[in-house]
Amino acid sequence: MTPVPGIKRSSTIRYQLACLVLAAVLPVWLVSGLLVYHAYTDKRDEVSRTMQETARSLAMVVDRDLSSVQSALVALSTSPSFDTGDFHAVHLQVKELLQAFPGADIIVADATGQQLVNSARPYGSQLPRRNNPETVRRIFQEGKPIISDLFFGALTKRPLVSIDVPVVDHGKVVYDLAMTFPSDRLGAVLRQQALPADWYSVVLDSNNVVVARSRSPERFVGKRANLLHQKLSHLKEGRAEYVNVEGQKAMVSFCRSTFSRWNVVVGVPKSVVMDAIYQWTGWAVAGSTLISLFGIVLALGFARRITQGIQALVAPALAIGRGELVTHFDTFGVRESEAVAQALVQASDLLQERQAELTRSLGELERSNRELEQFAYVASHDLQEPLRMVSSYTQLLAQRYHGELDEKAHKFIDYAVDGAVRMQRLINDLLAYSRVSTRGKDFELSDAQTALSEALYNLKAAIDESGAEIHCELLPQVPADQTQLVQLFQNLVGNALKFRGSEAPRIEVAARDLGDDWRFAVRDNGIGVEAQYAEKVFVIFQRLHSRQEYPGTGIGLAICKRIVERHGGRIWFKSEPGRGSTFYFTLPKREAL
């Protein structure tokens with residue numbers, strides 16, 4: 001569709017509807033994003049909470065296992081055999097007790113650390129001293145059970161843990177009763193607890209040494225854990241992220257045992273947690289995106305129907321503009337478009353009626369104009385003969401009876417002759433005005449420069465008499481009636497010569513390219529015209545001055561206007577009284593239809 005000049009190009013309704021859809025979907029996306037982020041943080045917190053709860057549960061399980069060992073030792077410490085010093089009986093009781101604790105050994109030592117009973121040796125064998133005298137010293141000094149940190153056996157080199165309890169006789173510690181068992185016992189306890197895939201659990205002693213581990217214990221038991229645990233050793237429980245002994249970034253939760261003062265840690269590689277969270281988040285985002293895209297596609301489908309309904313109105317509307325009768329529109333089922341279509345059909349019917357009325361009116365107006373022009377032409381032509389007769393006989397009367405009539409009679413005769421001459425001039429001007437339309441020639445490419453030169457030649461006497469200076473730029477060629485173009489320039493330049501001031505006239509003629517039109521300008525330094533007479537000067541027989549000041553009938557500019565309008569242009573002026581006027585007129589570059 002060709003753009004309409006002067007109307008700013010705007011966006012399409014499809015674009016506006018798309019913006020509307022996006023404006024409706026954008027808040028949904030924002031809310032979905034917030035929900036996804038909230039779900040992500042909830043999922044992460046849920047994992048952390050689960051890990052913390054698991055750490056607490058494992059700490060309780062480890063405490064229960066250690067407590068069972070300690071309870072068994074405390075029960076054994078009350079055996080009467082200790083009171084009687086019957087260590088053979090004690091040895092038998094130890095063997096019986098160890099059936100419930102496979103892999104463990106029980107040692108009985110005195111205050112010097114000398115072993116009196118060792119379940120790993122036959123009774124009566126020569127036994128060495130304990131290899132942890134500090135623990136023995138504390139048992140006799142404090143009189144309380146002690147759970148050791150991880151240590152390695154002197155002979156087996158296996159990682160071991162011992163629980164020592166005092167044997168008290170009459171309120172005095174007399175022996176140290178200890179059970180030593182492999183740390184893997186605690187590892188088995190950890191592995192019995194069902195943990196999610198890729199999770200692991202760790203037991204750390206008070207020195208942050210790995211006592212037991214559910215995954216790859218052979219690689220890490222006995223190694224010191226990350227320094228992060230030392231920094232958190234003053235806390236009862238907590239969560240953190242750090243690089244574990246495997247060199248992986250891990251998320252961990254820990255809980256301190258109330259029984260052993262050890263830490264139980266539950267960890268998982270961060271990548272595992274984040275992969276699961278990202279996978280869940282990805283599915284949520286993908287689902288939201290698919291739903292949004294489905295909504296957008298659905299909305300754009302409806303938008304397409306709406307735009308089709310509106311675009312379907314364009315061609316019929318243009319047809320109505322061309323004056324064609326339109327009786328049907330395809331609106332694609334859009335109710336508003338149907339309402340507009342019905343209005344356009346009614347407009348088409350009304351336009352046809354108005355067009356018929358206008359055609360009849362134009363026909364009558366053209367016929368009336370032709371009759372009026374014919375009347376003006378005939379009237380002015382037929383008036384010529386009687387007017388010439390009146391003028392001739394009046395002049396003949398003045399000649400024949402010259403000297404016989406008094407001065408008053410001669411004055412009356414002069415009035416009659418002057419009136420006849422002015423009437424003759426008015427009739428000639430009226431005849432010229434009517435001939436603009438009735439006797440005009442066909443348009444042809446005419447040289448405006450040649451037309452101006454011919455006009456100046458016709459005005460040569462007035463130019464010489466006034467001493468006028470006339471400057472002219474190079475004028476273009478235009479489709480025009482050459483004769484009327486000469487008359488147009490002659491009237492405008494003639495007015496500039498007639499309505500001059502005290503100075504010699506200076507007249508400039510120029511033309512400017514406006515794209516589709518040429519704009520001509522005739523500028524002078526004459527007396528000028530007040531702005532209030534902008535329309536009056538172009539009305540036929542309208543004068544702004546008396547005949548004594550400036551002769552003429554007042555029809556020159558009316559003829560100019562009629563010539564310009566016949567050529568499809570317009571005429572106007574700008575003026576400042578006392579400083580001159582500039583008359584402008586436009587002529588199309590193409591012949592006016």
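This is a predicted model: local features need pLDDT of at least 70, side-chain atom pairs count only at pLDDT 80 or more; totals for chains, interfaces and linings use all residues.
Start with the inside. The largest nonpolar core counts 58 residues, and Ile 106, Leu 177 and Met 179 are the ones with the most contacts within it. As for where these residues come from, helix α1, spanning residues 13-77, gives the most, with 11 residues. The core also takes at least three residues from each of two domains, namely domain 1 (64-181) and domain 2 (186-273).

Setting aside neighbours within four places in sequence, Met 179 still touches Val 69, Leu 73, Leu 98, Phe 101, Ala 104, Asp 105, Ile 106, Val 161, Ser 162 and Ile 163. Apart from this core there is a second, separate one: 40 residues, among them Ala 451, Leu 452, Ile 507 and Val 522.

Next comes helix α15, which runs over residues 556-566. Just past the end of α15, Gly 568 adopts a positive phi of about 85°.

Now for the outside. Met 389, Tyr 393 and Leu 396 make up a nonpolar surface patch of about 320 Å². Tyr 393 belongs to helix α10, which covers residues 335-400. With a relative accessible area of 56%, Tyr 393 counts as exposed, because the cut-off for that label is over 50%. In general, an α-helix has 3.6 residues a turn, so residues three or four places apart point the same way.

Definitions and conventions
Residues are numbered from 1 along each chain as its sequence is written. Side-chain values use heavy atoms; hydrogens and water are left out. Patches are made of residues with over 30% relative accessible area and no salt bridge: like charges are joined within 9 Å, nonpolar side chains (Val, Leu, Ile, Met, Phe, Trp, Tyr) within 5 Å. Accessible areas come from the Shrake-Rupley method with a 1.4 Å probe; for residues, only the protein chains shown count as cover. A salt bridge is a side-chain nitrogen of Lys or Arg within 4 Å of a carboxyl oxygen of Asp or Glu. Helices (H or I, at least four residues) and strands (E, at least two) are DSSP runs, numbered from the N terminus. Buried means under 20% relative accessible area, exposed over 50%, partly exposed in between (1.4 Å probe, protein chains only). A nonpolar core is a set of buried Ala, Val, Leu, Ile, Met, Phe, Trp, Tyr and Cys residues joined through side-chain atoms within 4.5 Å. Domain bounds come from an automatic or database domain assignment. Contact means heavy atoms within 4.5 Å.
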